[in-house]
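Let's walk through a few labels and ask where each one comes from. Have a look at the structure first.

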Amino acid sequence: MGQKTRKEHIVPQTHIRNFSYKNKNTDKVIVVDKNKEKPYLSSVDDVACQRDFYEVDDKETNYWEKWYGKIEQNIPMIYNSIIINCKFANNKEKVLSDYLKRKLSLIIISQLLRTEVSKKHFTELGLEITTNIIDGIKYSLNQRLSKEQTDVLNKYRKNENFVYSLALEHWNSKKFIRKATNMLMDKAWIIHKNLHYKKVPFVTSDTPVILYNFYTNKVGFESNGLIKEGTIIYYPINKELLVALYPKSKSLEKHNNKIDFLNDNSFVMNFNKSNYKQCERQVFYSFEN
């Protein structure tokens with residue numbers, strides 16, 4: 001058996017590295033932490049990670065860490081393909097193929113559901129559901145449950161490890177991934193190219209897939225979902241490029257799969273503020289040297 005990984009990353013280092021800069025052969029980012037008064041420098045290796053984050057009782061050690069690692073292997077190739085396409089493209093030119101969109105969809109889906117924000121949100125929902133089911137069973141069977149049977153049921157009441165294990169199984173099942181990918185493929189994909197990224201760069205965070213509701217202007221899981229009306233999905237590739245998935249409409253149809261040269265610092269700043277609102281604790285960025 002291999003050595004156990006204790007420091008498990010909830011955002012791949014290969015992603016965060018695109019928002020970093022080199023300092024003495026180390027990839028560094030500026031960190032804005034909700035629990036700190038001032039921004040500070042950190043290495044990419046030391047951010048967006050937690051001890052034993054994916055460990056659940058019914059899986060072998062590092063099972064989910066290795067699972068996500070297989071998805072992360074594709075990130076450099078997919079990101080680089082998109083970056084190269086955008087580097088030489090003219091404004092409003094097509095830069096995305098169905099192949100790239102499907103590969104990126106898997107990365108977005110897995111990243112959306114592997115963070116501390118999503119874990120807290122869906123664990124809370126799962127605990128509520130399991131509690132209602134247990135109470136319903138007890139009510140239906142009334143006095144017919146033995147003490148042993150009651151003890152078994154109570155074992156799953158408020159059992160966060162059990163609930164999170166079920167959530168990981170569901171999110172990473174072929175059926176869910178296929179359904180979620182088809183939902184994303186049905187959106188209007190636009191890549192916003194930040195023309196002022198050297199001075200006002202896109203940022204990323206410990207929750208890098210941003211859910212934004214067009215109608216309510218609210219971010220996060222509470223007001224959004226893959227199929228919820230008005231939900232826009234933002235996913236930054238680096239300081240310069242932002243992948244945006246909009247609900248399909250006739251007005252956006254002609255822009256689908258194309259690049260949009262963005263000469264609007266207010267758009268970038270609002271996106272960066274959304275990162276801060278939705279993240280669990282930390283936002284990461286750097287400026288061009």
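Q: What makes the contact of Asp260 with Lys92 a salt bridge?
A: Their closest N and O atoms are 2.9 Å apart. A salt bridge is a side-chain nitrogen of Lys or Arg within 4 Å of a carboxyl oxygen of Asp or Glu, so this pair qualifies. Bear in mind that this is a predicted model, where local features need pLDDT of at least 70, side-chain atom pairs count only at pLDDT 80 or more, and totals for chains, interfaces and linings use all residues. Residues are numbered from 1 along each chain as its sequence is written, and side-chain values use heavy atoms, leaving out hydrogens and water.

Q: Which parts does the pair of Asp260 and Lys92 tie together?
A: Asp260 sits in strand S11 (residues 258–262), while Lys92 is in the loop between helix H3 (75–87) and H4, so the pair joins parts that are 168 residues apart in sequence. Helices (H or I, at least four residues) and strands (E, at least two) are DSSP runs, numbered from the N terminus.

Q: Why is Asp260 called buried?
A: Buried means under 20% relative accessible area, exposed over 50%, and partly exposed in between (1.4 Å probe, protein chains only). Asp260 has 15% relative accessibility, so it counts as buried.

Q: And is Lys92 buried, partly exposed or exposed?
A: Lys92 comes out at 37%, so it is partly exposed.

Q: How do you know that Arg114 and Glu72 form a salt bridge?
A: Their side chains meet at 2.9 Å, N to O, and that is within the 4 Å limit. Arg114 lies in the loop between H4 and helix H5 (116–141) and Glu72 in helix H2 (residues 63–72), so this pair ties together parts 42 residues apart in sequence. Arg114 counts as buried, at 2% relative accessibility.

Q: Where do Glu116 and Lys120 lie?
A: Both are in helix H5, four residues apart, about one turn of the helix. Lys120 is partly exposed, at 44%.

Q: How many salt bridges are there in the whole structure?
A: A search finds 12. Lys7, Asp45 and Asp46 are linked in a network of them.

Q: Why are H4 and H8 called oblique to each other?
A: Helix H4 (residues 98–112) and helix H8 (residues 174–185) pack at about 120°. Under 35 degrees is roughly parallel, over 145 roughly antiparallel, 65 to 115 roughly perpendicular and the rest oblique, so these two helices are oblique.

Key: Axes fitted to C-alpha atoms, helices over the stretch in contact; angles between N-to-C directions.
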